Amino acid sequence: MKLEKEIKDFVRSRGVGLVGLAGPERFDGPPSTDLNYSMKGAKSVISMAVPYHVAAIYDFLAKLSPAPHNLDQFLKYQRIMRLEKELADFLVERGFRARPLPMSCDYRRAPYVFSLKPAFSLRLGAIAAGIAAPGWSGNVKTKEYGAAVHLGGVITDAVLESDPLIPANYFIDGVCAKCKRCAMSCPPRMFDAKEAEYIHLNGDLLPRGRHRNIDYCNTSCFGLHSLSVDHKFSNWGLHWIDEWVERLPEPRKRLTILLALLKRGLTTGDSTQRFDVLRRVCYIIWPDDVLKGIPEVDDLPSDEGERYHILAELMRRLDIKGIESYPIPLICGQCALVCGPTPEETAERYRILRSAGLVVPGPDGKMTRVNTFEEAAALRHKDSIKPSKLREARDILATAILWHRHYFGIQPRTMYQNWRYERKLRAAVEAKRGQTSGPTT
Ligand code: B12
């Protein structure tokens, strides 16, 4: 049997239907497509996508409960990484070298530790392997499930035959052109709803909504400012940045935004644990025992307190303490969650998000759903979640240590690759602008 078929059968037999292969000719792009960085001599990538649990998405968007979606992410991250490991072992048994790719938090070392550039981009891997194409939000979309998918992959020195690509503009010029609900689902509107920008991959310009400022997303996704710009909805974050309530700073004021993000992030008292839990779940394969007795998403009890208890127990097993009262590290991702497999499904998810209102911590610190901004502003009890000065200081120190230990450094080769990549990208964009009157929207 051909190795390509054996690999796909292996993955599919373990319940993952969406799997594609990208051979050595598919990785001419940004530094995060350099296979050598993740494994010397690597030639190919096996990419896989697993859909999010749909009922959990609905509970999350409808502000009923964030727990099922958080449990879904935890279970899937761990299960996909186990499958990656099994597949890597399978390839090693056949005489190849292979490595499972972490699901996230595999950031490269950089002088600015929060730059979040991955060792390998799973999105670009999925595009290269023909299982996905760019969506407007920058998330990649699959034909089967939309953008609401987890991506995983294995890197190997086997030379694999590539699968057919989905055309770069397949979704952007198709469903996305009439939709753009992802842009309106992002609380701070991180990416533009009209103007496009591009990533250059294998001679193709891959479009996506222009990033207005990625720190808007960092602020929102890490729960530091959870209110939407039009005040109509929120994500599941605990905090607001008071100066941003009236209006967000202009996206080009990069330093102002960054300083507000850091100030808010370093005064929550629990930012280390909230990030560390993601790092532990997305980057480390834990022994099977960690999930022993943890229910499946469909079997979660209906009581919210009991659900939090289960998530807190999971975190205790990962050695994370201090966020038991709100054990919800994944609090946004709404741009991906609304994007379903059909325009009708996306419209329905978006309708639910918009009509569900906002959640804020009430006097007892518990997340409470309200319909309007006025109710949210009146109910929101900053004091119920305010840490002591000692806890704040400990958190700042722990965050500085964690991020510097794992992500601080200088990588001249990466910097050189990026400089070359950006030159290539600029030339390709200029050539495109020469051919057409303006960017695709
Ligand atoms: C870092 C990261 C983030 C960061 C930054 C996001 C971003 N746009 O880069 C934050 C925390 C904000 C984030 C948020 C989210 N993320 Co995220 N994230 C990642 C991670 C680790 C890398 C993303 C990436 O590829 N960035 C690099 C490139 C492609 O993006 P770029 O910055 O725009 O690239 C430009 C330049 O930086 C340069 N460049 C590219 N690579 C490199 C490398 C170096 C060294 C340098 C110098 C430059 C450079 O070239 C590019 C073109 O100009 C991946 C996991 C992985 N290892 O792939 C998950 C991942 C992309 N995230 C995911 C998800 C789901 C989300 C969220 C929806 C939140 C959530 N988890 O629910 C939001 C979506 C935000 C959005 N609209 O993009 C999924 C995507 C699923 C999908 N369908 O696409 C992934 C694949 C995780 C997974 N295993 O499923 N994420």
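1. Let's start at the ligand: one of its nitrogen atoms sits 3.1 Å from a polar backbone atom of Ala 147. That is a polar contact (a pair of N or O atoms within 3.5 Å). This is a predicted model, where local features need pLDDT of at least 70, side-chain atom pairs count only at pLDDT 80 or more, and totals for chains, interfaces and linings use all residues. Residues are numbered from 1 along each chain as its sequence is written, and side-chain values use heavy atoms, with hydrogens and water left out.

2. Two further contacts are worth a look. A ligand nitrogen is 2.8 Å from a polar backbone atom of Ser 137. At Ser 32, an N or O atom of the side chain lies 2.8 Å from a nitrogen of the ligand. Elements giving two or more residues to the shell include β6 (149–156), β8 (204–211) and α17 (412–435); helices are DSSP runs of H or I with at least four residues, strands runs of E with at least two.

3. Now the whole shell: 37 residues surround the ligand, each with a heavy atom within 4 Å of it. Ser 32, Met 103, Leu 122, Val 140 and Arg 208 are the closest. The largest share, 4 residues, comes from α8. By type, the shell has 21 nonpolar, 11 polar and 5 charged residues, with Gly counted as polar.

4. Over to strand β1 (residues 18–22): it is largely enclosed by the rest of the structure, because 5 of its 5 residues are buried (under 20% relative accessible area, 1.4 Å probe, protein chains only). Leu 18, Gly 20 and Ala 22 point one way, Val 19 and Leu 21 the other.

5. Who is β1's partner? Strand β2 (residues 44–51) runs antiparallel to β1, joined by 5 bridges (pairing takes at least two DSSP bridges). Across from Leu 18 you'll find Ala 49 of β2.

Methods. Buried means under 20% relative accessible area, exposed over 50%, partly exposed in between (1.4 Å probe, protein chains only). A polar contact is a pair of N or O atoms within 3.5 Å; within protein, one must be able to donate a hydrogen and the other to accept it, and residues adjacent in sequence count only if both atoms are side-chain atoms.
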